[in-house]
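Here is a short briefing on helix packing. Look through the sequence and the model, then read the points below.

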Amino acid sequence: DRYADALALFGKVPKGSEYYFQAQYFIGTIHVAEKDLGGATKTFAALTKLTPKADADKDRRVIELAQLALGRLHYERDQPSKAIDRYLMVDRKSDLFDEALFEIAWVYVKNKQFDKALRALELLALADPTSSKMPTVRILEGNLRIRKAQMLVEGGKGDPAEEYGKADDIFAKTHSYYV
């Protein structure tokens, strides 16, 4: 809980240092811990504009983590389009891309855009079918199908039975796969 001390120390890391990117990331996380979302957003956004050295994979990784952090900050601040834009800045070849897609789905869930959430989950399943998130993805997909069916019932449009059937199928397949 010594955030001021940590900020002072991380702030002393010079721009050319091999630890500069990490120091900036930690400064952003300190702002989050202090509930200074504006300061965190500013710090992470500045970090994503930095150019890593050609051989600095760890710097590129920190930038991707900053993009995820910005997506989360925008999600918390009810800025869904900005959140999605940040998540989509994560490189598709990155091992963090499945995390970005999963969080995009949650942005859509929060905004009750279940079809878009389902598309994000389908893309995740296609992009990385071996992702460790797949059990959670399948359960979320089943729950989204139920929510979509409930919306169809309330709206009097479409066939809720079809969505309930898809949910049942997803739950059954997920259960049989992991039992």
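**Helix 6**

Helix 6 (residues 97–110) has 14 residues and spans 20 Å from first C-alpha to last, close to the 20 Å expected at 1.5 Å a residue. The expected span is 1.5 Å times one less than the number of residues. Helices are DSSP runs (H or I, at least four residues), numbered from the N terminus. This is a predicted model: local features need pLDDT of at least 70, side-chain atom pairs count only at pLDDT 80 or more, and totals for chains, interfaces and linings use all residues. Residues are numbered from 1 along each chain as its sequence is written, and side-chain values use heavy atoms, with hydrogens and water left out.

- Helix 6 is largely enclosed by the rest of the structure, because 12 of its 14 residues are buried. Buried means under 20% relative accessible area (1.4 Å probe, protein chains only).
- The buried residues of helix 6 are F97, D98, E99, A100, L101, F102, E103, I104, A105, V107, Y108 and V109.
- Their cover includes helix 4 (57–76), helix 5 (80–87), helix 7 (114–127) and helix 8 (134–155).
- Just after helix 6, K112 has a positive phi of about 55°.

**Helix 1 with helix 2**

- The axes of helix 1 (residues 3–11) and helix 2 (residues 20–33) come within 9 Å and cross at roughly 160°. Axes are lines fitted to C-alpha atoms over the stretch in contact, and angles run from 0 to 180 degrees between N-to-C directions.
- The two helices, helix 1 and helix 2, are therefore roughly antiparallel (angles over 145 degrees).
- In helix 1, Y3, A6, L7, F10 and G11 meet A23, F26, I27, I30, H31 and A33 of helix 2. Contact means heavy atoms within 4.5 Å.
- By class, this contact of helix 1 with helix 2 has 9 nonpolar, 2 polar and no charged residues. Ala, Val, Leu, Ile, Met, Phe, Trp, Tyr, Cys and Pro count as nonpolar, Asp, Glu, Lys and Arg as charged, and the others, Gly among them, as polar.

**Helix 7 with helix 8**

- Helix 7 and helix 8 pack at about 155°, with axes 10 Å apart. That makes helix 7 roughly antiparallel to helix 8.
- The contact of helix 7 with helix 8 has 11 nonpolar, no polar and 7 charged residues.

**Helix 3**

- Helix 3 (residues 37–48) has 12 residues and reaches 16 Å, close to the 16 Å expected.
- Its buried residues are G39, A40, T41, T43, F44, A45, L47 and T48.
- The cover of the buried residues of helix 3 includes helix 2, helix 4 and helix 5.

Terms used. Buried means under 20% relative accessible area, exposed over 50%, partly exposed in between (1.4 Å probe, protein chains only). Angles under 35 degrees count as roughly parallel, over 145 as roughly antiparallel, 65 to 115 as roughly perpendicular and the rest as oblique.
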